Amino acid sequence: MAVVELRNLKKTFGGANAVDSLNLKTVDGEFIVIVGPSGCGKSTTMRMIAGLEDVSSGSILIDGADVTDQTPTERDVAMVFQNYALYPHLSVYDNIAFCLQVRKWSKARIDERVRQVAESLALTKYLDRKPAALSGGQRQRVALGRAIVREPRIFIMDEPLSNLDAKLRVDMRGEIIKLCRRLKVTTFYVTHDQLEALTMGHRVIVMKDGIAQQIDTPQRIYDEPVNKFVASFIGSPAMNFLEASIERDGRVLRGVGFELRLSDRVSGALAASSRNKVIAGIRPEHLFPVDPVDQAQGKEDGAGFLRGRIELIEPLGSQVMVQVSTGDAVVLAQFERREGLELGQSIVLGHKPDTPHAFDIDSERSVLAEQEAKNRAALVQAA
């Protein structure tokens with residue numbers, strides 16, 4: 001177990017910043033997920049932590065000791081790669097035992113440890129097989145077994161599930177979560193899949209262009225994204241965005257065919273600013289159909305609405321996804337399946353209370369996040 005600290009970590013390739021000024025301090029045994037689009041710097045970050053990539057500037061500390069210039073072996077880091085990286089000519093047993101053999105453990109000690117790990121990963125009956133005779137999920141478990149057999153201080157997993165089919169990904173995701181909770185080893189997990197980020201991590205780092213956009217718990221990132229990029233990247237399907245004017249002391253965002261009512265926190269942040277327009281954000285799962293009569297009553301009660309025409313209907317089993325055109329925009333709504341929906345039909349959508357977001361048109365920063373940053377800065381200055 002270990003506490004990892006990254007201080008102003010930076011990596012430059014040919015004058016371009018692959019990772020820029022990354023700061024993080026983990027809790028012992030924490031599961032950190034790094035998520036972002038291809039080329040955002042997440043794998044480069046992991047390779048620097050593992051010691052496989054030199055650091056351009058900044059430092060890496062493990063349990064308070066600077067390991068920036070140490071080799072991977074000296075850092076006691078185990079890495080699980082996307083392509084498994086198993087030795088094809090060795091059996092499952094020998095693949096798992098390899099690093100212990102290099103360390104010159106006794107045969108009896110190696111055998112005991114390998115069989116213990118194999119049992120925990122349900123690999124005991126495959127110990128004599130070669131990797132070519134295993135399924136993708138079994139190979140992934142062997143790669144995990146090789147990583148955990150020597151009980152490292154830190155796990156690093158670089159998109160370990162990307163080569164698996166959808167069902168196996170779900171199964172292996174659960175296995176990795178249970179394994180890391182049981183071992184209580186500080187883990188860094190890289191993925192481009194936002195669903196994995198939301199379900200697996202204690203904290204999530206959302207990266208774009210080498211910069212950490214937000215570091216927080218999965219729920220906070222979903223509920224309070226700091227900018228439009230994070231709001232669009234986290235959540236499936238992606239958040240809807242609409243240009244809107246601000247009305248009623250920041251309590252309402254209005255545009256062609258819609259009126260969104262804001263929470264007290266967001267409206268308070270808007271009221272404290274001099275903006276006239278913002279980008280409104282609303283997640284598809286926060287929209288639902290309402291009867292026009294109920295919508296009229298809802299307006300009196302202060303409920304928001306969005307009015308438009310159904311352009312596409314996508315059944316999702318127990319739920320349905322609809323595309324609705326409103327003004328010059330098309331929004332997605334996802335809600336419980338219901339009868340009577342037809343293409344071209346007019347529809348009125350309500351939204352769940354306190355769910356709309358507001359983003360600055362120029363900076364694309366969350367208005368709420370900007371105001372809270374100003375409040376923190378004022379407190380620091382006053383102190």
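What volume does the second largest pocket have? In this predicted model, in which residues are numbered from 1 along each chain as its sequence is written, local features need pLDDT of at least 70, side-chain atom pairs count only at pLDDT 80 or more, and totals for chains, interfaces and linings use all residues. Side-chain values use heavy atoms, with hydrogens and water left out.

The volume of the second largest pocket is about 230 Å³. A pocket is defined on a 1 Å grid over the protein atoms alone as an open set of points where a 1.4 Å probe fits, with protein on both sides within 12 Å along at least five of seven lines; lining residues have an atom within 4 Å of a point. The grid points are joined across faces, edges and corners, and a volume is the space filled by probe spheres set on the points. Fifteen residues line the second largest pocket, and Asp223, Glu224, Asp354, Thr355 and His357 lie nearest its centre. At least two lining residues come from each of helix H8 (218–223), helix H10 (264–271) and strand S20 (357–359); helices (H or I, at least four residues) and strands (E, at least two) are DSSP runs numbered from the N terminus. By residue class, this lining comprises six nonpolar, five polar and four charged residues. In this classification Ala, Val, Leu, Ile, Met, Phe, Trp, Tyr, Cys and Pro count as nonpolar, Asp, Glu, Lys and Arg as charged, and the others, Gly among them, as polar.

The largest pocket has a volume of about 560 Å³. Its lining consists of 20 residues, with Val77, Ala78, Met79, Cys99 and Arg150 nearest the centre. Two or more lining residues are given by each of helix H2 (72–75), strand S6 (77–80), helix H3 (92–102) and H5. The most is given by S6, which supplies four residues. The lining of the largest pocket divides into 16 nonpolar residues, one polar and three charged.

Helix H3 also contains Phe98, which forms a nonpolar surface patch of about 250 Å² together with Tyr87 and Val102. Patches are made of residues with over 30% relative accessible area and no salt bridge, where like charges are joined within 9 Å and nonpolar side chains (Val, Leu, Ile, Met, Phe, Trp, Tyr) within 5 Å. Accessible areas come from the Shrake-Rupley method with a 1.4 Å probe, and for residues only the protein chains shown count as cover. Phe98 is partly exposed, at 31% relative accessibility; buried means under 20% relative accessible area, exposed over 50%, and partly exposed in between (1.4 Å probe, protein chains only).

The structure holds 24 salt bridges, each being a side-chain nitrogen of Lys or Arg within 4 Å of a carboxyl oxygen of Asp or Glu. In one of them, Arg153 and Asp63 meet at 3.4 Å, N to O. This pair links distant parts of the chain, 90 residues apart: Arg153 lies in the loop between helix H5 (136–148) and strand S7 (154–158), and Asp63 in the loop between strand S4 (57–62) and strand S5 (65–66). Arg153 is partly exposed at 24% relative accessible area, and Asp63 is partly exposed at 44%. A further salt bridge joins Arg115 and Asp111 at 3.0 Å, N to O. These two residues are separated by about one helical turn because they are four residues apart in helix H4 (residues 107–120).

Lys277 and Glu243 form another salt bridge, at 3.9 Å, N to O. This pair also links distant parts of the chain, with Lys277 in strand S14 (residues 277–282) and Glu243 in strand S11 (residues 240–247), 34 residues apart. Lys277 is partly exposed, with a relative accessible area of 46%, whereas Glu243 is exposed, with 54%.

Most residues other than glycine have a negative phi, and most peptide bonds are trans. A cis peptide bond, with omega about 0°, joins Ser236 and Pro237, and Pro237 is placed in the loop between helix H9 (228–233) and S11. Ser21, which is not a glycine, has a positive phi of about 55° and lies in strand S2 (residues 16–25). Ala122 likewise has a positive phi, near 55°, and is found in the loop between H4 and H5.
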